[in-house]
Every structure is written in structure tokens, then in C-alpha cells.
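Hello,

Here is the structure I promised to hand over. Please open it first, then read my notes below.

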Amino acid sequence: MQLNSIGPLIEKIRAREYKKAVITTHHKPDGDAMGSSLGLYAFLKYHIEAVHVITPTDYAEFLHWMPGHNDVINWEEKEAEARKLTEEADVIFCLDFNRLSRINEYGEVVRNCNAEKVLIDHHLEPEHFEDYALWNPSSSSTAELIFHFIKHHFGLENISKDCATCLYTGVMTDTGNFQYNNTNSTTHMVAADLLDQGADHVRIHEKIYDVFSSDRSKLFGYCLLHKLEYMPELRTALMYLSKEELERFNVQTGDTEGLVNLGLGLKGCVLSVLIIDRTKMVKMSFRSKGNFAVNEYAAKYFNGGGHRNASGGQSDEPLEMVVARFKNTIIQYQKELNAI
Ligand code: 5GP
Ligand code: MN
């Protein structure tokens, strides 16, 4: 299943009917969220007079090198400006999320504004708040969808080096370096085109992955040594972090990214879970192998969702209760987990 209703949108962009555009993406944006937003920004600047990227929150420092970062407006820091730009916009591009609740309280501002809404996304079960959609849950990343959007309707030559750099970052991070099963031959062909358009894959890789702070390295070491719990009968790895532990390692936005993958690196492990006691809620990250649909599990028990093998969830309960609920509910899946 996929949705493509962007025909009239393309015509309006070509006819320069839009004067003011906003691009937004999900809270705590990751590499694909920022890669697709800043990639589209680099392109749209040449087609629409005023384009602004608004994020609902801040994002990890390891993404701050990306072209266009200095122009990004964080809703939490500049709410009045973001609200004004949104209310005055003719068109809003909503990238890499499927429900307005994923952009926190900014979601209702977007819902109620007069702008035409465009959804470009690859998450299952979109809410359908949009006027135009380019939606394909089989796509490796939203950045790949943006690539096709530009190449197909405007031509590859309209992908500048900055645009290619951002889009490559999105594809690379959402596929775990072309490793996950959302990668196919098209993904590699997209990457090839992006390299041809000037993306420097060595530099991008270094900027994203070779930038651990000393605190972050120590946090990972601490988790491996003291926090990683493996349950062989469930082929499941579990880690959880309290507020005190986050403070002890001076955890900043993005510092826990990649932590959940350490569990999946254990031989035999097919499900890895990371539970973090964030300021406002307990946040969960799930990663699975094979056909274990961790998005369905996350939706059923932790008000979450995402992709089949990479999902998230959240809870208002105390950390200990969330951990206990995870342990009590995952037992029911023992047979499925052992069949993978
Ligand atoms: P992460 O574990 O990296 O935060 O998220 C993994 C995937 O799950 C991402 O694709 C993200 O969009 C999705 N996801 C994370 N948290 C939530 C959530 O609370 N609700 C939903 N529906 N999806 C989530
Ligand atoms: Mn994505």
C-alpha cells in the first residue's frame, strides 16, 4: 500500500503559487527527520520565496553540522516566531511522522492553520490530516521519498551538493548504514545518485558516527557492563536507565541513540529494549529481528508504534512499573520469539 496524491502540489510549486512554506518533522528529530527536512529545504528555497524549517524540539548535536542547521527554528525556543510563520504559511510539509501528536503541542497549531498540508512519510497507519500525501511504508526513509519527489518531478540536476548531503544522511541513518531490511536495490541506486550529486559519504559517516563525547562513551560502557540484561529463554535484551543515571553521565539529546542496538548484537538476541526515564515520561525504544512485529507490541502495551523492526513507545508510569510491565507482557511472546 502506498499513497501518492501530490500531482496538484507539484503543479502549484512549478507555477510558483506558494510564497511561504514551512517544513516540520517529529519531536527529537533523528538523522532521517533532519536529513529529509534540510534536504527539502535546500531544494525548495529555489522554488518558494520564504521557506522555514521548524522543529518541535531540539535535536542531537551530531546533526548540527548539516547544511541549513543554522536556519532551523526550534518551537520550544521561539514559539511566537514559529506560530506566526505557521499561521502565515501557504503550505506545510510534514516529514517523517504520521500523526500530529508526534510534534507535541505544535501539532494543534499545524492542524488549525490555513496552510495546505503535505505528508511525506514512511510510517504505518497515517492519521490523514493532510491535503497531499507521498506515503510509502516500504521506503527506506523519508529522505528517499524526498529524493524521488525531486528527481521524478524536477530532475536530478536540482539536487544540489547540500541537498544530496542531507538526503544521504537520512537514508544512511534510517537504514543503519544500509544494513536493515528496509534497504533494497533502489536504496542503493538512490545512494549512488546522491554520491554523484556531491554527497561525501566518508565525511558524512565521520560526522555522524565518530563524534562520541567522553561522557557518551562512558555511558555506553556502563550500560554494557552494568545494565544489559539478557533473557535467553526470550532471546530478549533489556536495558533501563533512571534519571540519576542520566544525570551521572550528563546525557544530552541524542546521546542514547544507538544504545538499543547493542542488545541486538548479542548472539541469538531477536528483541532489544531500552527504557529511559526522561523528564516528562518514560520513553521506550524497541528493535527486533525477523518477523517479530515490535510496532504492534509497542502499540498494544506502550502507546507507541513505528516500524516492524524499529519502534518506540512511552508511559506515564514510574520506571520500575514500566520495566515490570514489559517483563510481564513479553513472556506471552516466548513462542514467537523462539521461532525466529
Ligand atoms: P526510536 O527508538 O529511535 O526513538 O524510534 C524508532 C522508531 O519508532 C522511529 O521510526 C520512530 O518514528 C518510532 N517511534 C518512536 N517512538 C514512538 C512513539 O512514541 N509512537 C510512535 N507511533 N512511534 C514511535
Ligand atoms: Mn524515518
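**Helix packing and the ligand**

In this predicted model, helix H1 (residues 7-14) packs against helix H5 (residues 142-154) at an angle of about 65 degrees, and their axes are 12 Å apart. Axes are lines fitted to C-alpha atoms, for helices over the stretch in contact, and angles run from 0 to 180 degrees between N-to-C directions. Helices are DSSP runs (H or I, at least four residues), numbered from the N terminus. H1 and H5 are therefore roughly perpendicular to each other (65 to 115 degrees; under 35 is roughly parallel, over 145 roughly antiparallel, and the rest oblique). Their crossing is right-handed (the near helix is turned clockwise from the far one by less than a right angle; anticlockwise is left-handed).

H1 brings Leu9, Ile10, Ile13 and Arg14 to this contact, and H5 brings Phe149, His153 and Phe154 (contact means heavy atoms within 4.5 Å). By class, that is five nonpolar, one polar and one charged residues. Ala, Val, Leu, Ile, Met, Phe, Trp, Tyr, Cys and Pro count as nonpolar, Asp, Glu, Lys and Arg as charged, and the others, Gly among them, as polar.

Next is helix H2 (residues 31-44). The axes of H2 and H5 come within 8 Å and cross at roughly 20 degrees. H2 and H5 are therefore roughly parallel to each other. Their crossing is left-handed. Asp32, Ser36, Leu40 and Phe43 of H2 meet Thr142, Ala143, Ile146, Phe149, Ile150 and Phe154 of H5. These residues divide into seven nonpolar, two polar and one charged.

H5 also packs with helix H6 (residues 161-174). Their axes come within 8 Å and cross at roughly 140 degrees. H5 and H6 are therefore oblique to each other. On H5 the contact uses Ala143, Glu144, Ile146, Phe147 and Ile150; on H6 it uses Cys163, Leu167, Gly170 and Val171.

Now the ligand. Which residues come nearest to ligand 1? Of the 14 around it, they are Arg102, Lys283, Ser285, Arg287 and Gln314 (near means a heavy atom within 4 Å). An N or O atom in the side chain of Gln314 is 2.9 Å from an oxygen atom of ligand 1. For His123, a polar side-chain atom lies 3.0 Å from a ligand oxygen atom. For His307, the distance is 3.2 Å.

Residues are numbered from 1 along each chain as its sequence is written, and chains are lettered from A and ligands numbered from 1 in the order in which they are written. Local features need pLDDT of at least 70, side-chain atom pairs count only at pLDDT 80 or more, totals for chains, interfaces and linings use all residues, and side-chain values use heavy atoms, with hydrogens and water left out.

Best wishes

Terms used:
Helix = DSSP H or I, 4+ residues; strand = E, 2+ residues; numbered from the N terminus. Polar contact = N/O pair within 3.5 Å; in protein donor to acceptor, adjacent residues only side chain to side chain.
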